[in-house]
Amino acid sequence: MSGELGLFDNFREVVFDPLQAFLIGSETRPGREADLETFLQKYAPNPLKKGTCGLTNAAGNAPLTLNDLFQDLGQDPRHMTLNNLVSISGDVRYLAPALVRDFIVEGLESNARYRDLINASLPSTLTVTSPWIQYLDANPQPIGEAERVPMSKITWGEKTVRITKKAIGLETTDEIVMACPLNLLGQYLAEVGIELSDTLFTNGVTCLINGDQAGGADTAAIIGVTTQNALVYKDLLRVFSRGARINVNYVNMLTNEEESNNILDMDVFKTQQGLGGTMINVDTKRVVPSNLRHRISEQFTDDQVMFFDTRAMNELVGRPVMIENERIIMRQINGTAVSIIQGFTTMKRAHRVIIDKSLAWSGNKFPSWMTPRT
Amino acid sequence: MKRIKLKDPSGMFRDPATGQTVIKGEEADLIEPVGRLTQDWLNAGGLLLVNPDKKPLAPKLPPAEDGNVTDEGSALLDSDVTASPPPPQAPEAKSEEKKPGRLSGMLRRKKAPAKKAPAKKSAAKK
């Protein structure tokens, strides 16, 4: 049955405008990311139940899905083109930009490698003043009877992080809009989301290397190896051991493709380390991670391996993926701009470290900010 | 070719747009056109422009041990730091005019324009 949801003529008022407001945010509330179905089910204000969010299907017993929506419109997305959708009279033509955005977000989320680099995604304003906290003399001391408790110092400061806009323009010809079924068009548009995801991944890796301060006060530490130009397992252990002492879990690894092949070729990674090989089995789980998440990025040289803690970086989202359309009549094309405003901010500098095998350990040890407290 | 280095030699800098990489205390050639991130770092002082030698004036000297470095990143980037300094102006011509000579004022006034031209030429040649 179609038309039961009543969205045919009220789609703009009930879904489209609230979705735009949700994505863009306001002075008091930053924009947030959500695909169309999630928005329909969780965030769209329900006109039938004032003060509640989330739309339900015609029977009112389940959250509204995209299939319910198309059913209500009496359309089948497998045989529908963007042009069909736009040419339907009534408010429902506003579904078209929302769907285009949905396809791109789907691509972005399907290959969201950059999410492996971050601890959390936080809504934010364009310029963020982020605090940093440093503990001095934080070790509890033994004290005698009636002796004064020694004080530690906690210093607080702030740093400013600027987030930027990334955008890409798409031109779709009338032929695509008129002839390409929505489902097929969606697969191509998802590629745009995947490209966007790649850009964000590269930016994230760059932030892990450079830090979030252009003054250079937040760069990742670089250490050398025991024997120059030869990375061995002991060089990796050095990082894990220091991490255990400074309460940092280096469970993420980044290399370029060449170095990835070298590291994965180490016996310790490729050979089964079964029982019976050693006299005593040492439980190393507290020091050496049992699972190392490995990603490849071309931002490193052939000599470098980066390790970082999952808490090393957060994503700041000023405005989620936004789609804007315009019609260029003289060229018979539709222009679509896809943009996102976001950035990354780091937490502690010690959360990140790079091993560079072109450098000797003797002259390139851990920096002062990675010195254990005890 | 301009060269750059990190202000804090404990880390690394990478510009994904140009591939510019600077590691620890090493000096690297500045890749041109300069990437936006590199420019930001030069402006903020995270990257320092290493002073190029000023060749034409004197024989090349070995660089100082402490690193001949300036932190005027962007300003130096915009201006042409490798160009030789502007040629000195011709003070000779003016000083000659000011010199108390034996000739009377009238004579000097007549001869001055004729003398000025060769004096300027010689200064320009220098």
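Two strands are taken to pair if DSSP finds at least two bridges between them. The structure examined here is a predicted model, in which local features need pLDDT of at least 70, side-chain atom pairs count only at pLDDT 80 or more, and totals for chains, interfaces and linings use all residues. Residues are numbered from 1 along each chain as its sequence is written, with chains lettered from A and ligands numbered from 1 in the order in which they are written.

Chain A contains 10 helices and 11 strands; helices (H or I, at least four residues) and strands (E, at least two) are DSSP runs, numbered from the N terminus. With a radius of gyration of 26 Å, well over the 21 Å that the globule rule gives for 374 residues, chain A is more spread out than a compact globule. The radius is taken over C-alpha atoms, and the rule is 2.2 Å times the number of residues to the power 0.38. Along the principal axes, the C-alpha atoms of chain A fill a box of roughly 75 × 55 × 45 Å.

An open sheet of 4 strands in chain A has the order 1-9-10-4 and mixed pairing. Strand 1 (121–123) and strand 4 (164–173) stand at its edges with a single partner strand each, so one side of each is left without a neighbour in the sheet. Strand 9 (residues 313–328) and strand 10 (residues 333–346) of chain A pair in the antiparallel sense over 13 bridges; N325(A) has T336(A), in strand 10, as its bridge partner.

Two helices of chain A pack on this sheet. Helix 5 (residues 95–110) touches strand 9 and strand 10, and its direction makes about 140° with that of strand 9. Helix 7 (residues 182–210) touches strand 4, strand 9 and strand 10, and its direction makes about 25° with that of strand 10. Axes are lines fitted to C-alpha atoms, for helices over the stretch in contact, and angles run from 0 to 180 degrees between N-to-C directions. Contact requires C-beta atoms, placed from the backbone, to lie within 7 Å.

S358(A) lies in strand 11 (residues 352–360) of chain A. This residue is partly exposed, with 16 other C-beta atoms within 10 Å; 20 or more would count as buried and 12 or fewer as exposed. Residues up to four places away in sequence aside, S358(A) touches Q228(A), N229(A) and D303(A).

Between the chains, 17 residues of chain B are in contact with 17 residues of chain A. Strand 2 (12–15), strand 3 (20–23) and helix 1 (36–44) of chain B each give two or more residues to the side that touches chain A.
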